[in-house]
Amino acid sequence: QVQLAESGGGLVQAGGSLRLSCAASRSIFSINSMGWYRQAPGKQRELVSSIISGGDTNYADSVKGRFTISRDNAKNTVYLQMNNLKPEDTAVYYCNAVLMVNGLLRGFWGQGTQVTVSS
């Protein structure tokens, strides 16, 4: 299993930047994929970006060209660099990890970090 701890959220004006961090309690080499999801009030949780163990990345159309996911294997940490933030990016951002546990793929979640973008 794995514990995930997010940090880096906050309040920023439109056009500003934030970098979210997700620290894992184990080596991320052993994790199949890690990603960032977000949930705005009254909306379903949605995938923002993900990175698999091989390094391939995926982004939601709404954040392409503005957000960048990366990882630091030595620190067991995944980052989400968010640039040119918009009010519609306001949400709680959750880190997710998918890994094999007892032969089955399982997903794990962090506690979430609030991102608020003012217009």
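Is Ser 50 buried or exposed in this structure? Ser 50 is buried, its relative accessible area being 17%, where buried means under 20% relative accessible area, exposed means over 50%, and partly exposed lies in between (1.4 Å probe, protein chains only). The model is a predicted one, in which local features need pLDDT of at least 70 and side-chain atom pairs count only at pLDDT 80 or more, while totals for chains, interfaces and linings use all residues. Residues are numbered from 1 along each chain as its sequence is written, and side-chain values use heavy atoms, with hydrogens and water left out.

Ser 50 belongs to strand β5, residues 46-52; strands (E, at least two residues) and helices (H or I, at least four residues) are DSSP runs numbered from the N terminus. Leaving aside residues up to four places away in sequence, the contacts of Ser 50 (heavy atoms within 4.5 Å) are with Met 34, Gly 35, Asp 56, Thr 57, Asn 58 and Ile 69. Strand β5 pairs with strand β4 (residues 33-39) in the antiparallel sense over six bridges, where pairing requires that DSSP finds at least two bridges between two strands. Within this pair, Tyr 37 has Leu 47 of β5 as its bridge partner. The hairpin of β4 and β5 has six residues between the strands, and Gly 42 takes a positive phi near 80° there. Strand β5 is also joined to strand β6 (residues 57-59) by three bridges, again running antiparallel. Here the bridge partner of Ser 49 is Tyr 59 in β6. In the hairpin of β5 and β6, with four residues between the strands, Gly 55 has a positive phi near 105°.

A further sheet can be described next. Four strands form an open sheet with antiparallel pairing, in the order β1-β3-β8-β7. Strands β1 (4-7) and β7 stand at the edges with a single partner strand each, so one side of each is left without a neighbour in the sheet. From one strand to the next the twist averages 15°, with axes taken as lines fitted to C-alpha atoms (for helices over the stretch in contact) and angles running from 0 to 180 degrees between N-to-C directions. Strands β7 and β8 are paired antiparallel over six bridges, and Arg 71 has Val 78 in β8 as its bridge partner.

Most residues other than glycine have a negative phi. With a relative accessible area of 42%, Asn 84 is partly exposed.

Turning to charged side chains, the count comes to four salt bridges, each defined as a side-chain nitrogen of Lys or Arg within 4 Å of a carboxyl oxygen of Asp or Glu. One of them joins Glu 46 and Arg 38, at 2.7 Å from N to O. Glu 46 is partly exposed at 37% relative accessible area, whereas Arg 38 is buried at 6%. Arg 38 also forms a salt bridge with Asp 89, whose closest N and O atoms are 2.9 Å apart. This pair links distant parts of the chain, with Asp 89 in the loop between β8 and β9 and Arg 38 in strand β4, 51 residues apart. Asp 89 is buried, with a relative accessible area of 1%. The side chains of Asp 89 and Arg 66 meet in another salt bridge, at 2.8 Å from N to O. Arg 66 sits in the loop between β6 and β7, 23 residues apart from Asp 89, and both residues are buried. Through shared partners, salt bridges join Arg 38, Glu 46, Arg 66 and Asp 89 into one network.

Finally, the nonpolar interior. A nonpolar core is a set of buried Ala, Val, Leu, Ile, Met, Phe, Trp, Tyr and Cys residues joined through side-chain atoms within 4.5 Å. The largest such core has 32 residues, and those with the most contacts inside it are Leu 4, Met 34, Trp 36, Leu 80, Met 82 and Tyr 93. Two or more residues each come from β3 (18-24), β4, β5, β7, β8, β9 and β11 (113-118), and β9 gives the most, with six residues. Leu 80 touches, among others beyond four places away in sequence, Leu 18, Leu 20, Trp 36, Val 48, Phe 67, Ile 69 and Tyr 93.
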